[in-house]
Amino acid sequence: MSDGQASARASAAARARTGRPLLSLALTAMMEDVHAHSGAVYLLAPDEPVLEMAVTAGLPRAFAAPWERVGLSAPIPVADAVRRRGLVWVGGQEEMARRYPRVAMALPYPFALAALPVATTDTLYGAVFVTWPGSHPPVLSERERRQLWPACNRLAIRLEGVTRESHPLLHESDLLDASAAAAPGTLGSTEAARLVSRLPYGLLSLDLHGRVGYANAAAVELLGAPARDLLGTQLWASVPWLNDPMYEDRYRAALISQHVTSFVALRPPDDWLSFRLFPDTSGLSVRISRARAVADMARDAPQAGTGLSRLVTISQLLTLAGALTEAVGVDDVVQLVAEEIAPSVGSQALAILGSQAGRLHVMGHRGYPDPKVVERLHGAPLTDRIPGSHVLRTGVPAFFSSREELERLYPSRKESRDGFAAWAYLPLIASGRPVGTCVLAYARPHVFPADERAVLTSLGGLIALALERARLYDSKHQLAHGLQAALLPHVLARLPGIEAAARYLPATQGMEIGGDFYDLVPTRPQPAAVIGDVQGHNVTAAGLMGQIRTGVRAFTTGGQAPDEVMRSTNRLLIDLGSELFASCLYLRLDPGCGRAVMTRAGHPPPLLRRPDGRVRILDLAGGPLLGIDAGASYPTTEVALEPGSVLALYTDGLVESPGVDIEDALCGLGDVLASAGDEPLERLVDQLVLRGAVNGERVDDVAVLLLRALGDD
């Protein structure tokens, strides 16, 4: 039995055999010892590498709902603690944003967290986390360490012991502090009620779930809701104009950070109310008063370096995250950051920097009056003393509220000013490693408070994930184009008596690589031309296309007749053991005699434009697709090819598209060929391609080969 299976069975046994609230008692004792205000115990799930939340204390379970089940490989503190078999400490909001951006995005509040494994020497049972308000020092004290480790070890020993006992399982309820429910002479007393009823502002008492437990008369009047509708309900649920995620978010922020928070809300039609939330471990006291006119507040507010305590609301974060998932390439990421993220945080310019061979690589920028200021960073060694490379190397964000602050640390910036007055340098960390730096520039001096730094750092995590996906896509895209270019002729061979032009366009979906091909084979006395289409739009199709093209050239050079070339190519495809099929059109040219011999394998018929401008579709003899029947035959057709005639060979991507009849498409191509057939072939082939892609989207790749008979050279 593996260690993981043994651990899972042991933790399952602990669940099933303890009749006492073992986990709850251990968790609350641990929290009391270190003065933490919330926590949870996880147990390893049976038969799967997952931690399941068994009990929580101090805050509602809903606050940690995204992590009720956590995979052992997840980038989450409790999972990290299990993987390392060690303590994980996150000292504050900014560190959480840098190391665990997913957690920081869901809980963008100031708090500290410690996570530890619950394990004996041989067996893993689960993990524990506890949290402190944002006022906790950024370093875990030695006393707290000495309390946490032994507590987790004692819990592991108890769980080890109960696996050998037979106590029945009792469900352990989550624990919320109810210590304030009965404080004689204070809350709930007659005198206290009289006291608060005399106050000119509203007072509410909310429990940890946000439910109203008390409302004085002024609160009822200001909220415009009867007391019976308020009591026992969540404020944002019972007061319609407070039904906004932003207001619920302020309640969460107060409870998790244990800091006083506030917000202003509009009570229709034009009354602005100020809400101030005072938290403790039992709930919230809320003071409501009339706010000054918004115009007065805006006039009196400082103009530089201030901002909302929350720059980006939860709904905005979800919108930004959704937008970034739509980014395909690196340019798309840069554009989305410029259009969506920079405006939402008040930035006027941005740059995305990466690294390549130990040097800075400018991936994109927007908003700089002089682009050369950013572009001169391209190729700078990562060892240079500049903020962009320092953040990329260390993975630590840097914020500069003024030009003086930046130039004091980086004197070289005095010679390369970019016209801005404040900067945020955000590390882009994906899969645990820095992949770049996002630079946000501000037109005026801008102070970055702790919560704003955390939000920006969390956004950097989102940008990093999108950038990593985009770079992978761009690499695949470049690989696909490189492979396609290598498999198609770099330059068309010159044939006596024949002028030629060709185009290849990849599909606009998938990997943008396919199996369409064309070629000219300059054999004497009669050269050959071929066009074909291997089924599929992937590397396999492209590789098979290269083999077919090579085979056709070999069989042609060997002196085989057109029908023999097609039969040999068919057998080659079958012998290769591929499950893909291919269409093909092959012709042997004799411009001196004014003729061409053609054969085809399931390929669309070519168009022939005569010197007088008339166009017709050539109904050629042929056989089935290549790769189906080893004994198939491919009869030939001889076609007159007078000097001045133009043959248009193409693949089905040119004439087949959703909602378009193929006969109408062929007629349209014939019209273009008839009207523009006397133009230079390079211009004519471009017109044909444009006619076949009028909607800008191609579900299939396209190859076109034009041949104009010049007569005998």
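Visitor: Which residue in strand 3 stands opposite Glu 52?
Guide: Arg 69 is the residue opposite Glu 52. Strands here are DSSP runs of E with at least two residues, helices are DSSP runs of H or I with at least four, and both are numbered from the N terminus.

Visitor: What kind of model is this?
Guide: This is a predicted model: local features need pLDDT of at least 70, side-chain atom pairs count only at pLDDT 80 or more, and totals for chains, interfaces and linings use all residues. Residues are numbered from 1 along each chain as its sequence is written, and side-chain values use heavy atoms, leaving out hydrogens and water.

Visitor: What does the protein average for pLDDT?
Guide: The average is 82, and 84% of the residues score at least 70. pLDDT is the predictor's confidence in each residue, from 0 to 100.

Visitor: Where does it stay under 50?
Guide: Residues 8-19 are one such stretch, with 39 contacts beyond four places in sequence in the model. Residues 178-188 also stay under 50, and there the model has three such contacts. A contact means heavy atoms within 4.5 Å.

Visitor: Back to strand 3. How many bridges join strand 2 to it?
Guide: Three bridges join strand 2 (residues 50-57) to strand 3, and the two run antiparallel. Two strands count as paired if DSSP finds at least two bridges between them.

Visitor: In what order do the strands of that open sheet come?
Guide: The order is 3-2-1-6-5-4, six strands with antiparallel pairing. Strand 3 (69-71) and strand 4 (88-90) are at the edges with a single partner each, so one side of each has no neighbour in the sheet. On average, neighbouring strands of this sheet are turned by 20° against each other, direction ignored.

Visitor: Which strands does helix 2 lie across?
Guide: Helix 2 (residues 22-34) lies across strand 1 (38-44), strand 2 and strand 6 (124-133), at about 65° to strand 2. Helix 6 (residues 142-162) lies across strand 1, strand 5 (111-119) and strand 6, at about 35° to strand 5. The axes are lines fitted to C-alpha atoms, for helices over the stretch in contact, with angles from 0 to 180 degrees between N-to-C directions.

Visitor: New topic. How many cavities of 30 Å³ or more are there?
Guide: There are three. A cavity is a set of points, on a 1 Å grid over the protein atoms alone, where a 1.4 Å probe fits but cannot get out, and lining residues have an atom within 4 Å of a point. Grid points are joined across faces, edges and corners, and a volume is the space filled by probe spheres set on the points.

Visitor: What lines the largest cavity?
Guide: The lining has 22 residues, with Ala 64, Leu 107, Leu 113, Phe 129 and Thr 131 nearest the centre. The space inside is about 290 Å³. Strand 1 gives the most to this lining, with three residues. By class the residues are 17 nonpolar, four polar and one charged. Nonpolar covers Ala, Val, Leu, Ile, Met, Phe, Trp, Tyr, Cys and Pro, charged covers Asp, Glu, Lys and Arg, and the others, Gly among them, are polar.

Visitor: What volume does the second largest cavity have?
Guide: About 80 Å³. Its lining has 10 nonpolar residues, with no polar and no charged ones.

Visitor: Last one: which peptide bond has omega near 10°?
Guide: The cis bond from Arg 524 to Pro 525. Another cis bond joins Pro 268 and Pro 269, with omega about 5°.

Note on methods: On a 1 Å grid over the protein atoms alone, a cavity is a set of points where a 1.4 Å probe fits but cannot get out, and a pocket is an open set with protein on both sides within 12 Å along at least five of seven lines; lining residues have an atom within 4 Å of a point.
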